[in-house]
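Please walk through this structure with attention to a few local features, starting from a single side chain and ending with a pair of helices.

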Amino acid sequence: MLLERDGELTLLAQLLADTQSSGGKVVLLRGEAGIGKSALVREFVAAHADEAFVLLGSCDDLLTPQPLGPLWDIAREEPALGEPLERGDRAQVLAGVLDLLSRSLRSTILVIEDTHWADEATLDAIRYIGRRMAATNGLLLLTYRDGDVDYDHPLRGVIGDLPPDSVVRLQLAGLSLLGVASIVEDTALDPEDVLAATDGNPFLTTEVAATGGDAVPASVQESVMARVQKLSPGAHQIVETLSVIPERVPMSVVLRMADEAENRLDECDRRGLIEIEEDFVAFRHELIRQAVEASLTKTERVALNRKVLDDLPPETDPARLVHHAREAGDRDRLVELAPRAARAAMVVESHREALDHFRQLAPHLDRLDPDDLGRILDDWAGEEHLGDNVEEAIRLNELAVLHYREVGDSRAESVALAQGSLLAETAGQRGRAEALARQSVDVLGPDPDGSDLARALESHVYLAMMAGDFAATLELVERTLKAAGRDIEDRIIIRSLNHKGIAGGIADYPHGRASLGEARDRAAMAGLWYEESRALTNDAWLAAEFRDLATASDYAQRSIDTASRHELENMESYATAIYSRILELKGEWSEAEDLARDQLDRPAINQMTALPTLGAIEARKGRDTALAILTKSWDMAIVAGEFQRLAPTIIAIGEHAWISGDLVVSLADMAQVMENGLDIGFRWSPGAIAFWMWKLGGLARTPGGIAEPYRLIIEGHPMAAAELWSGIGCPYERALALAHGAASAQMEALDSLEKLGAVAVAAKLRKAMRNRGISVPRGKGRSTKAHPAGLTARQAEVLSLLAEGLSNGEIADRLFLSPRTVEHHVAAVLSKLDVSTRDEAVAAASAEGLLPIE
């Protein structure tokens, strides 16, 4: 009997009834272990099995989970999902699940239990399905444990991405004293003592009552083991063996584990330890399994895992086999199985799990088959790259190159060298990238195979594009396509179109970027999600360069969504860096600052995109930290040596010099970057450089070819420039143009600058206006800003938690952020309050009334 859950069952029944008229819902059922989540689900499903289709799946507590494990469970009842799962066709799997949830005759209840153990592919499936539940007539019922989902648990991000209107949250509480009393009424136990010991947890309460003792057991383990000790030796052995398997076990496997297994299973069942459902055996509750497993010695646990590893059939999911190989300390089986498990995870885009499997091989590289070592290192490096771990990807790539060189495989060495070139470029190592690209061609010899040459040349195309050498880019694209011939790979076609679209877009925006759209569409059709996200990101960057902000914002957000959906962390973070720049241009500085600051511990390519944005905002707000940020940005850009890295930094440096009087580069440097940009077809970035050179008194004449708003203001037409900036949607640039107009325009500029929070620029304009005899009101001060101290919403939260005396780790836990991200936000708070310690920040905030009054 299910106690004290009538309210939850009534709500679930109503939600199910409403699906036909109001659309589907996602139900988040949360609570501690043993609180009765599974029992509630079973009761609900049993009550409605005649009126709804029921699909049941669960996640397992494996060291590295099986990708899409719950959907494999469902496929046993819905064979239509089995074929796409076998093929690794995740898009078809997700479409199939949505079809099941959208059946018209009856509603569908889809249950996924224990999502705190879900793998990345399953989490991505939940995100995808959950966002579309409103268009179905089903319920997606997810259970998870409170204590297992901390600040950096990926399930948090999935829940945050679900549409709020489609989500219903149920938190299960413990039983009341009356409920506890009903469980222990046939024992000598005092209900109040039991409630105090178990906090009303139904499982713990039931286990305590089952012992029938005179006192409350000290732990659930003692309670469970009291039952286990009553088993016969054979049954005792089988329950210990099953305890090291954190999932349901096929009956056929259990029967191989022990003689007279069926009789012994019946004994365990009668003792309330396990249950037999059709062809599977499972513990009645996960806590029972954990209690039995915890009673084992290390030696017993190793021996039992070794036995299970031997008894499981070869066709068992490799992730499950790897779990037991690791627990058994069987290095030979681990080396055999981990690559299989990693590649199976890669197929379904479960990149975190793939990395976990690959990383188990680190101490055992010398045991790997030499014929497979290079491919393992290649795949492993690729997964590290997707996870934004560029330094580790470079290290593994170097090992792969050395291996191929030692075994004399020049074709594979060429591929690895080309990949190493791209990794070096991402790390901001331009010189090394060029050297590796040359080696990737040279190692193929004087008469290379066409497809091999095309793969090597592709890295040259990429480097030419990044350097802004668009004539060479187009020439190399044609050479690459010619070398590949008729059997050209989809990836090379898509990348060639990508590079061609950038080159064409710079020369003739927007018409010349058509190839980017073709690259994007081809990538989507081929299921090459990395290439699709890359094309979207390039389109966003190009549109931002030409100040087509609506297009830029759309493509950046689409790229972030695509990368997030397919677990491409490196592309998601890079697209986010681009998006921070777009937000800065649109005047949305608070969000731009937060996104840019989050990139400061990312690879060099992300930092070089984010630092100029952050430095410019800091300079406009008059913060002392701007100079250090821009100096770092310049140092990195110089090493990269590419216009798209140099230009944003030198623009921000010029602006900072105009505001502060401190120029960290020469006007000659600025002129050189500007001229280089004009020579290769850029108009807007050179225009911005020209504008700040003009403001610094270092521009002799208006350069030909710069973008129109900059030409107009330099040549004395500020109101026309302001009108253009208004149409483009750049409020800060519009305010700068108005500042060069008549007194009324300058007053409007001053108001705009203060609303944006550009206090240093506003102060400079106010002083200039007073010097010209214009009556200027006093600055509006902090009270007009979204936050009085100019803090972003996240920084305001951090400040309030600093006032509570929380450490960075505690703040991270409270806000569900990483400790590293909290460090950046704390540094920003100190900077904005112009203090050097946390205590000083709290004191300053308190003195200025920035903290809530208790």
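Which backbone oxygen lies 2.8 Å from a polar atom of the side chain of S496? In this predicted model, the oxygen belongs to I492. S496 is part of helix α26, which spans residues 490–507. With a relative accessibility of 3%, S496 counts as buried, because the cut-off is under 20%. Leaving aside residues up to four places away in sequence, S496 touches V477, T480 and L481.

The loop between α26 and α27 (514–526) contains P510. The peptide bond joining Y509 and P510 is cis, with omega at about 5 degrees.

Two glutamates have a positive phi. For E349, phi is near 60 degrees, and the residue sits in the loop between α18 (331–347) and α19 (351–359). E349 counts as buried, at 12% relative accessibility. For E567, phi is likewise near 60 degrees; its loop runs between α29 (549–565) and α30 (569–585). E567 also counts as buried, at 11% relative accessibility.

Helix α39 (residues 731–738) packs against helix α40 (residues 743–756) at an angle of about 150 degrees, and their axes are 8 Å apart. Angles over 145 degrees count as roughly antiparallel, so α39 is roughly antiparallel to α40. Their crossing is left-handed. From α39, the contact involves P731, Y732, R734, A735 and L738; from α40, A745, Q746, E748, A749, S752, L753 and L756 take part. By residue type, this contact comprises eight nonpolar, two polar and two charged residues.

Note on methods: Residues are numbered from 1 along each chain as its sequence is written. This is a predicted model: local features need pLDDT of at least 70, side-chain atom pairs count only at pLDDT 80 or more; totals for chains, interfaces and linings use all residues. Side-chain values use heavy atoms; hydrogens and water are left out. Axes are lines fitted to C-alpha atoms, for helices over the stretch in contact, and angles run from 0 to 180 degrees between N-to-C directions. Helices (H or I, at least four residues) and strands (E, at least two) are DSSP runs, numbered from the N terminus. Angles under 35 degrees count as roughly parallel, over 145 as roughly antiparallel, 65 to 115 as roughly perpendicular and the rest as oblique. A crossing is left-handed if the near helix is turned anticlockwise from the far one by less than a right angle, and right-handed if clockwise. Contact means heavy atoms within 4.5 Å. Ala, Val, Leu, Ile, Met, Phe, Trp, Tyr, Cys and Pro count as nonpolar, Asp, Glu, Lys and Arg as charged, and the others, Gly among them, as polar. Buried means under 20% relative accessible area, exposed over 50%, partly exposed in between (1.4 Å probe, protein chains only). A polar contact is a pair of N or O atoms within 3.5 Å; within protein, one must be able to donate a hydrogen and the other to accept it, and residues adjacent in sequence count only if both atoms are side-chain atoms.
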